[in-house]
Amino acid sequence: MSGTAAYLLSCFGFPFLMAYAAASDLLTMRISNRVTSLVLFAFVLYALAAGMMLSEFALHIAAGCLVLVASFVMFARGWVGGGDAKLAAGATLWLGIEYVAEYLIVASVFGGVLTLVILFARAYPLPMATLRLPFAVNLHDSRTGIPYGIALAAAALTVLPHAMG
């Protein structure tokens with residue numbers, strides 16, 4: 001593999017997977033295991049293509065594992081969905097250990113804003129035009145959770161340029 005492959009994976013592959021995960025969470029309130037598996041697989045390909053040293057690769061794996069454990073504790077408590085937990089860990093693989101705190105802070109801020117916007121919107125009736133959109137009706141339902149994958153993906157794409165720079 002080459003530097004070109006690493007560039008394409010980091011500039012197009014990872015952002016595409018994050019956008020897909022966010023869109024999927026918005027439309028279905030679910031993030032597929034296939035998507036999170038592809039995030040992991042694409043990172044391994046990126047590491048090989050970029051010629052990442054084993055020690056640096058190990059630190060990226062450690063970051064992903066750290067976030068996976070923490071996010072699964074949050075999943076077990078019912079605070080986040082399982083797909084969110086896996087997506088956060090996968091994103092952290094790409095960003096590395098030195099960007100874990102920045103990623104989690106940005107994701108928390110984005111997630112807080114997303115939650116407030118959705119809760120605010122839920123306080124008002126849906127416009128008639130959106131009543132034919134099943135995802136909008138589902139998102140508006142107060143018994144439905146928040147598609148936090150949107151915030152996780154946006155945070156990953158916000159932090160990525162610093163991590164890859």
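## Terms and model

A residue is buried when its relative accessible area is under 20%, exposed when over 50%, and partly exposed in between (1.4 Å probe, protein chains only). By that rule phenylalanine 43 is buried, with a relative accessible area of 0%.

This is a predicted model, in which local features need pLDDT of at least 70 and side-chain atom pairs count only at pLDDT 80 or more, while totals for chains, interfaces and linings use all residues. Residues are numbered from 1 along each chain as its sequence is written, and side-chain values use heavy atoms, with hydrogens and water left out.

## Helix 2 from end to end

Helices here are DSSP runs (H or I, at least four residues), numbered from the N terminus. Helix 2 covers residues 33-50. How far apart are the end C-alpha atoms of helix 2? They are 25 Å apart. The expected span is 1.5 Å times one less than the number of residues.

Serine 32 caps the N-terminal end of helix 2. Its side-chain oxygen lies 2.9 Å from the backbone nitrogen of arginine 34. Just after helix 2, glycine 51 takes a positive phi of about 70°.

The buried residues in helix 2 are Val35, Thr36, Val39, Ala42, Phe43, Tyr46, Ala47 and Ala49. Seen down the axis, they fall within an arc of 165° (taken from the directions from the helix axis to the C-beta atoms), so they line one face of the helix. On the other side, Arg34 and Leu48 are exposed. The cover over the buried residues of helix 2 includes helix 1 (3-28), helix 3, helix 4 (82-95) and helix 7 (149-164).

## Aromatic pairs

A pair of aromatic rings is described by the distance of the centres and the angle of the planes. Rings of Phe, Tyr and Trp (its six-membered ring) pair if their centres lie within 6.5 Å; planes under 30 degrees apart count as stacked, over 60 as edge-to-face and the rest as tilted. The count comes to eight aromatic pairs. One of them joins phenylalanine 43 and tyrosine 46: it is tilted, at 6.4 Å centre to centre and 35° between the planes. These two residues are three apart in helix 2, so about one helical turn separates them. Both phenylalanine 43 and tyrosine 46 are buried.

Why is the pair of phenylalanine 43 and phenylalanine 57 stacked? The ring centres are 5.8 Å apart and the planes lie at 10°, so the pair counts as stacked. This pair links distant parts of the chain: phenylalanine 43 sits in helix 2 and phenylalanine 57 in helix 3 (residues 54-76), 14 residues apart. Phenylalanine 57 is partly exposed, at 23% relative accessibility. Phe14, Phe43, Tyr46, Phe57 and Trp94 form one aromatic cluster.

## The nonpolar core

A nonpolar core is a set of buried Ala, Val, Leu, Ile, Met, Phe, Trp, Tyr and Cys residues joined through side-chain atoms within 4.5 Å. The largest has 36 residues. Phe14, Met18, Phe43, Tyr46, Trp94 and Tyr103 touch the most other members. Helix 1, helix 2, helix 3, helix 4, helix 5 (100-122) and helix 7 each supply at least two residues of this core.

Contact means heavy atoms within 4.5 Å. Leaving aside neighbours within four places in sequence, methionine 18 is in contact with Val39, Leu87, Ala91, Ala153, Ala156 and Leu157.

Technical notes
Polar contact = N/O pair within 3.5 Å; in protein donor to acceptor, adjacent residues only side chain to side chain.
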